[in-house]
Amino acid sequence: MPEEINRETFNADPLTEDVSDAAPQTPAQPAVPALDTAAESQQILSDEMQALGAAYAQARANGATAEIQPRLDYPPYRSSILRHPTKSLHHADPETIELYSPAFGHMDVHALESDLTIQHNGEPLGERIIVSGRVLDGDGRPVAGQLVEIWQANSSGRYIHKRDQHPAPLDPNFTGVGRCITGADGSYSFTTIKPGAYPWKNHLNAWRPAHIHFSLFGHEFTQRIVTQMYFPGDPLFALDPIYQSIVDQDARDRLVATYNHDQTKPEWALAYNWDIVLTGSKRTWTENEALGAEGDHHE
């Protein structure tokens, strides 16, 4: 790496090195990554999503069944074809899977693990929030004793992961993971920091809406589901191919939490409510629907 040029010497008189009449100095500008000129624009993606939405609306008007789960192949989500099985699924022995699957943890789930703001020596940066709700079956009955895990970006939109190269600051007081067990009424609750949006390179200037990932376990590792919760009024909803891969608006709305003023703690944290429905026509979208609509007929 060549030594950096001393700009004052470079602009000085070659004989006297006098810089009094040198060219005016401009403040150093932060390095900005070069934009990929081959990347598709947001307008291209938005046009595709609008066309798919219009085609779905027309199909519904003609009597088609509502699509309550995301499409496995959703072209605006460019890597969607790489993120689901392309061959027939095979049954696996649950006991064999559990020999290689990750454990829930090295100890029982502690009540303090649901508070992501007290895991380090200092206070994390950002807007403190409380996210709570109930896990229900398709008939509205509570699902008790289930492990609920969450993970998320910090308030600047950065994950603690070596593959996350988003040039936003990490927070030494925020790891972004927590877990709890649902109560007898199916309830769960987390105290955390509202995550920030982040770029994800699906196309030029692509940003994901703020969201929290949820994982729920049943009684075996093979009963795990994964989903995402969003925040109301996010301006990125219409621009995000992952969110828009659920083409039915009613189904999309079920991923968005609602502000809960009654549970908001004065001078402390805003509260949001989000129920997770596991089965039935009003179930919550999940990321492992490998069989699409046929998955409704499989255990």
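1. Buried here means under 20% relative accessible area, exposed means over 50%, and partly exposed lies in between, using a 1.4 Å probe and protein chains only. Helices (H or I, at least four residues) and strands (E, at least two) are DSSP runs, numbered from the N terminus. Keep in mind that this is a predicted model: local features need pLDDT of at least 70, side-chain atom pairs count only at pLDDT 80 or more, and totals for chains, interfaces and linings use all residues. Residues are numbered from 1 along each chain as its sequence is written, and side-chain values use heavy atoms, leaving out hydrogens and water.

2. On confidence: pLDDT is the predictor's confidence in each residue, from 0 to 100. The chain averages 82, with 75% of its residues at 70 or more. Residues 1–27 stay under 50, and the model gives them 10 contacts (heavy atoms within 4.5 Å) beyond four places in sequence. Residues 289–299 are also below 50, and that stretch has 10 contacts beyond near neighbours in sequence.

3. Helix 2 (residues 42–61) passes a length check. The expected span is 1.5 Å times one less than the number of residues; for its 20 residues that gives 28 Å, and the end C-alpha atoms sit 28 Å apart, so the two agree.

4. Which residues of helix 2 are buried? They are Gln-42, Leu-45, Ser-46, Met-49 and Tyr-56. As background, an α-helix has 3.6 residues a turn, so residues three or four places apart point the same way. Helix 4 (241–244) is included in what covers the buried residues of helix 2. On the face turned away from the buried side you'll find the exposed Gln-43, Gln-50 and Ala-61. Just after helix 2, Gly-63 adopts a positive phi of about 100°.

5. Now a strand pair. Two strands pair if DSSP finds at least two bridges between them; strand 1 (residues 128–136) and strand 4 run antiparallel and are joined by 7. Ile-129 stands opposite Thr-192 in strand 4. Strand 4 (residues 187–193) is mostly covered, with 5 of its 7 residues buried.

6. Worth a look: Gln-228, in strand 8 (residues 225–230), is buried at 4% relative accessible area. A polar contact is a pair of N or O atoms within 3.5 Å; within protein, one must be able to donate a hydrogen and the other to accept it, and residues adjacent in sequence count only if both atoms are side-chain atoms. The Gln-228 side chain makes such a contact with that of Arg-208 at 3.1 Å, and with that of Tyr-230 at 2.8 Å.
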